[in-house]
Amino acid sequence: MKSLTVEICVGTGCCLLGSQDLLDAVETLPEDKRKQIDLSEASCLKGCRKGPSVRIADDVLSGMTPDKLLE
C-alpha cells in the first residue's frame with residue numbers, strides 16, 4: 001500500500017498557531033493507520049498568516065486543526 005505524504009509546517013508562525021498539536025494528533029492514530037502516513041516537518045509552506053499549514057500529497061492546506069487533519 002502506498003503511503004500518504006503529510007508535511008506539517010513548524011516555522012515560527014505555524015508553531016505559534018498550533019502546528020505541534022497537529023504533530024501530536026498524527027501520533028495518536030492507531031499504529032496501522034500511522035504506518036500509512038509518511039510524516040515530516042517543513043520549515044515553511046508559505047501560509048504563515050493562515051497557519052498552521054499542512055501539505056498533503058501536493059496540496060497545501062492552511063488553518064488546519066487536529067480534527068480536520070485526522071479526517
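Which helix holds Thr-12? Thr-12 sits in helix 1, residues 12-16. The views below show a predicted model, in which local features need pLDDT of at least 70, side-chain atom pairs count only at pLDDT 80 or more, and totals for chains, interfaces and linings use all residues. Residues are numbered from 1 along each chain as its sequence is written, and side-chain values use heavy atoms, with hydrogens and water left out.

**View 1. Thr-12 in helix 1.** Thr-12 counts as exposed because its relative accessibility is 63%. (Exposed means over 50% relative accessible area, buried under 20%, partly exposed in between, with a 1.4 Å probe and protein chains only.) Pro-52 is 40 residues from Thr-12 along the chain; their C-alpha atoms are 9.8 Å apart. Helices (H or I, at least four residues) and strands (E, at least two) are DSSP runs, numbered from the N terminus.

**View 2. The largest nonpolar core.** Eleven residues form this core: Val-6, Ile-8, Leu-22, Leu-23, Val-26, Leu-29, Ile-37, Leu-39, Val-54, Met-64 and Leu-69. Strand 1 (4-9), helix 2 (19-27) and strand 2 (37-42) each give two or more residues. Helix 2 has the largest share, three residues. A nonpolar core is a set of buried Ala, Val, Leu, Ile, Met, Phe, Trp, Tyr and Cys residues joined through side-chain atoms within 4.5 Å. Leu-39 touches Val-6, Ile-8, Leu-23, Val-26, Glu-27 and Arg-34, not counting residues up to four places away in sequence. Contact means heavy atoms within 4.5 Å.

**View 3. Arg-34 in helix 3, residues 31-34.** Arg-34 is buried because its relative accessible area is 18%. A polar atom of its side chain lies 3.1 Å from the backbone oxygen of Ile-37. Beyond four places in sequence, Arg-34 touches Val-26, Glu-27, Leu-29 and Leu-39.

**View 4. The largest pocket.** Its volume is about 190 Å³. (A pocket is an open set of points on a 1 Å grid over the protein atoms alone, where a 1.4 Å probe fits, with protein on both sides within 12 Å along at least five of seven lines; lining residues have an atom within 4 Å of a point.) The lining includes Leu-4, Lys-33, Gln-36, Ile-56 and Glu-71. Strand 1 and helix 4 (66-70) each supply at least two lining residues.

**View 5. Ile-56 in strand 3, residues 54-56.** Ile-56 is in contact with Leu-4, Thr-5, Val-6, Leu-61 and Leu-69, leaving aside neighbours within four places in sequence. The C-alpha atoms of Ile-56 and Leu-29 are separated by 16 Å.

Definitions and conventions: Points joined across faces, edges and corners; volume = space filled by probe spheres on them. Polar contact = N/O pair within 3.5 Å; in protein donor to acceptor, adjacent residues only side chain to side chain.
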